[in-house]
Amino acid sequence: MRIYNTLTRKKEDFIPLEDGKVRMYVCGPTVYNFIHIGNARPMIVFDTVRRYLEAKGYDVNFVSNFTDVDDKIIKKANEEGVSAEEISQRYIAECKKDMAGMNIKPATTHPLATQEIDGMIDMISTLIEKGYAYAVNGTVYYRTRKFAEYGKLSHKNIDELEGGKRSLLVSGKDEKEDPLDFVLWKPKKEGEPYWESPWGQGRPGWHIECSVMSKKYLGEQIDIHGGGEDLIFPHHENEIAQSEACSGKEFSHYWMHNAFLNIDNRKMSKSLGNFFTVREISEKYDLQVLRFFMLNAHYRSPLNFSAELMESSRSALERIQTAVDNLKFLSEHASAQELTEEETLKVEEAKKFQENFDEAMDDDFNTADAIAAIFDLVKFANTNAGEGSSKAFVDALKKMIQDLCDILGLITEKKAELLDADIENLIQERQNARKAKNFARADEIRNELLEKGIILEDTREGVKWKRA
């Protein structure tokens, strides 16, 4: 298996630190709102990487955090007049719902930044002791120039950074020793959450959080660190500087980054009005379609999101699901049970598609070519399985397709469509729950219907519904 390493800018053979085990850290979202489809790409990509590593027999310790203290969270909390914790807990729960919809496996550990403050204070103290950090008026800064290899991940020259500091660096104050130094701890402001520390009341900088959570749950050295390419600089660069200065060891051996997602060939932004949350997408499409769409391109290729491409993905996924449905029907109605001699040869022939799939995934997780191999297998099954086929033959083909789809996190079972009467009954139950002020159950029913592609609209005339 070969992985493209951002650090070396080349594909390298994958050799884990410990035989048979993989330690993997992926930066998770900042939870101040519903996650958007830009957040969804690394979630889907690295869930698929994890699934494939597990399919290869590795024991994967997969850690992905939630940043639950941040300026955006505090701003949202102040706007609503609630605590930052209430905001973060609300959107962690919503994020987990969306992740379940995209069939993303829960991480081995989902640490929360606010629960790891003691570890951050310890790491910052160590960096001060080693001369890599200094405190000024309650703020602690990292001495960037003291870390000789700063810039090795982003391939930026530190002297060039000095020249372009206005656009590249977090705005600093005159109290910094060097404009390139970045914040490890910041003093509290009025109305913000804070923790006690040797430097006064305050909260950690963003970069130190991931260094500490990775160290606690995976150890000082890890195999793979992943995230979107927007995190290469400064976030991941700063993580390396902190972690390696602290431990004196290489932090992560392989660095993987997915490329950006554009909307109709334009960068996604709220100002352009082309900003979509995963929840909004789920109102129009089964989130399996979004997953298929994301995996139908190589993770290092920029991806363009459009309604046309989503419709194409929906049709393509349905082709796979229809083939599995057909094989299921043939299996249930097969008269012969055992493989014939000819079928045995056909099963052997079909294995070449599995080999093509593995070959694609072994080459830096090329999911686009892996999906192509699945379609070749689907075509083979459609051509070779029929009414005269044995149960053993159609079951073998069905299992091959399902196993490969499962590695990609694609569900081959078609969702059972609700009858109109079932929908009306659930809407009535929701209305009754609302009258009884059982809002939790009412929300549950809305979400249940949404998962089955039924969109509700509360109007003055009553509840209207439509199929997505």
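Which residue just after α8 takes a positive phi? Gly248 does, with a phi of about 75 degrees. The model is predicted, so local features need pLDDT of at least 70, side-chain atom pairs count only at pLDDT 80 or more, and totals for chains, interfaces and linings use all residues. Residues are numbered from 1 along each chain as its sequence is written, and side-chain values use heavy atoms, without hydrogens and water.

Helix α8 spans residues 232-247. Helices are DSSP runs (H or I, at least four residues) numbered from the N terminus. From first to last C-alpha, α8 reaches 21 Å, close to the 22 Å expected for its 16 residues. The expected span is 1.5 Å times one less than the number of residues. In α8, 15 of the 16 residues are buried, so the helix is largely enclosed by the rest of the structure. Buried means under 20% relative accessible area, with a 1.4 Å probe and protein chains only.

The whole structure has zero disulfides. A disulfide is a pair of cysteine sulfur atoms within 2.5 Å. For Cys210, the nearest cysteine sulfur, that of Cys27, is 3.8 Å away. Cys210 is buried at 1% relative accessible area. Cys246 is also buried, at 13%. Its sulfur lies 15 Å from the closest cysteine sulfur, in Cys210, too far for a bond.

Helices α1 (residues 37-55) and α10 (residues 287-295) pack at about 75 degrees, with axes 10 Å apart. Axes are lines fitted to C-alpha atoms over the stretch in contact, and angles run from 0 to 180 degrees between N-to-C directions. The two helices are therefore roughly perpendicular, a class covering 65 to 115 degrees. Contact means heavy atoms within 4.5 Å. Among the contacting residues are Ile44 of α1 and Met294 of α10.

Key:
Buried < 20%, exposed > 50% of the residue type's maximum accessible area, 1.4 Å probe, protein only. Parallel < 35°, antiparallel > 145°, perpendicular 65-115°, else oblique.
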